[in-house]
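Trainee: Could we go through the strands of this structure together, one question at a time?

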Amino acid sequence: MNNQGVGILVVDDEFSVRDSLYNWFKTEGYRADTAENGVEALKKLQESLWDIVLVDIKMPGMDGMELQRHIKKIDNTIIVIIITAYATVDTAVEAMKEGAYDYLSKPVDPDKLSILIRNAVNQRRLMAENIQLRQKVEELSLQDEIVGGSPQIKKIQEMIDTVAKTDATVMIRGESGTGKELVAQAIHGKSNRRYFPIISINCGAFPEGLLESELFGHEKGAFTGAQYKRKGKLEMANGGTIFFDEIGNITEKMQMDLLRVIETKQFTPLGSNKVVNVDFRIIAATNSDLEKKVAEKDFREDLYYRLNVFSIQIPPLRERTADIALIARYFLEKYARSMNKDVTDISPEAMKILIQYNWPGNIRELRNTIERALVVVGKKNRIEPDDLNLLFLSKANPPGDSLEEIEKAHIQRILEQSDWNISRSAETLKIDRVTLYNKIKKYGLQR
Amino acid sequence: MSYIDIIPIGEVEETLLLFLKQSLFQTFNIQTRIRNCRFDLSLVYDPVRNQYNSTGLLLELINDTPPETLKILGVTELDLFIPIFTFLFGEAQLNGIAALVSTHRLRNQFYGIPEDEALLRNRLLKEGIHELGHTFGLIHCFALKCVMKSSTYVEEIDQKPTHFCKLCQQDVLK
């Protein structure tokens, strides 16, 4: 550890104070400089970076208070220490209220100055570290995995950017595996609540009693088996975002309870008589047809309108095949890195299969397929069709709709299933061996 | 031949000066000598603080410096200050010629405890080497076992050794 990187600027109209502090800081190994007045100090602040500025409160022209205000405008993180005589302690206190780190009454005990500067340097380092960490969080939170260049995805990204800045409730719609939670995380990550948690709860995964406890928490002994007090997810999300996945699956009672919480931002944990106040943003997601449920009185209309303030519809992967290659490569890079594998590419043949496949499980299925392929890829440095578990399925979805193309793909699949055993394949296809040979020849099928 | 001149300011015990003369030679391997000068202490005295301005004394120390003088260490019993600080154990010109050290606050007596002559010598030597170290361009060192470690109270002086750490030693020899 050394002080060489730390810059200290001494601003005092009294030469002896400037000079003695300058010399002291130099012997301490700091980068030091002096300024005789506020104007000179501001010039030096513009010229180079300073960590700590010691400011005499009483100076002709611009006084220390005014200079401090200018400094804070230039860089709010610069540590300002006020130098004052005993007679102006009140002003120093005032300066501290305006953001000064501390003040020194002249003359100062060397030990006190030493400790004060050391603490200020530590504070400055912590501030810098804090800023760095915040930037890191920012990068990580913005490092969304919403990959794709299709117009649909670009539109979704625009919608995320728009709604993230507000505190509006968002309803995300889309098939299973389309990345609804990812969109929720991206909204949270770009919102002002990003330094607070995003708490996800899968409403479809809990029976009614348990969901209630999950959401609201409970006191010890609130119900059989409640051996300990437990904080609910609503409380955990305080300050941040709560993400209700599969919101269409909650019971009528839960719908009512939830509506009350959304309206009052208050709830009472099970078995407790204390009301808990919370502040969170709500993002909900569903795969079900909520409008139909509302029409059939399965979902409360008032809750529906409360949740459906801003709606984002995520298209299924099959409707944006242009993104498949991008997403596949994204997962390849991600999982290859985490598995420490030197797999850098997907062969054109394998990519063709990925693009042709129907992806009923959407991006989740694509992710799992790439992850699995990386496990079975062995020592190869690219993923081949054999590494995909989709061989069978892919060829069930041939590129064309003509009978010939379907027949070709079907024969190819049967042959591969039997490891090109002609007799067995012919038997499965309910044709004779000669016909099969003719078809192989006709379609140019190869092992 | 070059010398480190040890210059008493005001009345200073001769045994202390002789001790410094011998010890500083051993540390810096530069000839040392005691040189007497006349000072007008009224110029650096602050009656309100009842202390002597250290920076002013440093400037007086370099008046009429003989050509063979490499460094100067002023030694005084006077209580030193600079305007911003309540007191100083010593002061030096960083990369300059002159350094100054005061025994005033190195004495146990100042803190109301019995005098310890050996401890005083030890403290004086450490501060003398420390301030001269600044004239050789050394800044405060973070090594606990280095005489260049900063000391803002007397007990802190007692914690450090009378020698430089390896890195500071190398810098002095340059």
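Predicted model: local features only at pLDDT ≥ 70, side-chain atom pairs only at ≥ 80, totals over all residues.

Trainee: Is strand β6 of chain A mostly covered or uncovered, and how many of its five residues are buried?

Mentor: The strand spans residues 170-174 of chain A, and a residue counts as buried if 20 or more other C-beta atoms lie within 10 Å of its own. By that criterion β6(A) is mostly covered, the number of its buried residues being four.

Trainee: Which residue of β14(A) is the bridge partner of Met171(A)?

Mentor: Strand β6(A) pairs in the parallel sense with β13(A), residues 281-286, over four bridges, and there Val170(A) stands opposite Ile283(A). Five bridges join β6(A) to β14(A), residues 310-314, and these two strands also run parallel. Within β14(A), the partner of Met171(A) is Ser311(A).

Trainee: Turning to chain B, which are the edge strands of the open sheet of five strands?

Mentor: The order of this sheet is β2-β1-β5-β8-β7, with mixed pairing, and its neighbouring strands are turned by 15 degrees against each other on average, direction ignored. An edge strand pairs on one side only, and in chain B this applies to β2 (31-34) and β7 (90-92).

Trainee: At about what angle to β8(B) does helix α3 of chain B run?

Mentor: Strand β8(B), residues 98-102, is joined to β7(B) by three bridges in an antiparallel arrangement, with Leu100(B) as the bridge partner of Glu91(B). Helix α3(B), residues 117-135, lies across β1, β5, β7 and β8 of chain B, and its angle to β8(B) is about 160 degrees.

Notes:
Residues numbered from 1 in each chain as written. Chains lettered and ligands numbered in written order. Buried ≥ 20, exposed ≤ 12 C-beta atoms within 10 Å, placed from the backbone. Pairing = 2+ DSSP bridges. Axes fitted to C-alpha atoms, helices over the stretch in contact; angles between N-to-C directions. Contact = placed C-beta atoms within 7 Å.
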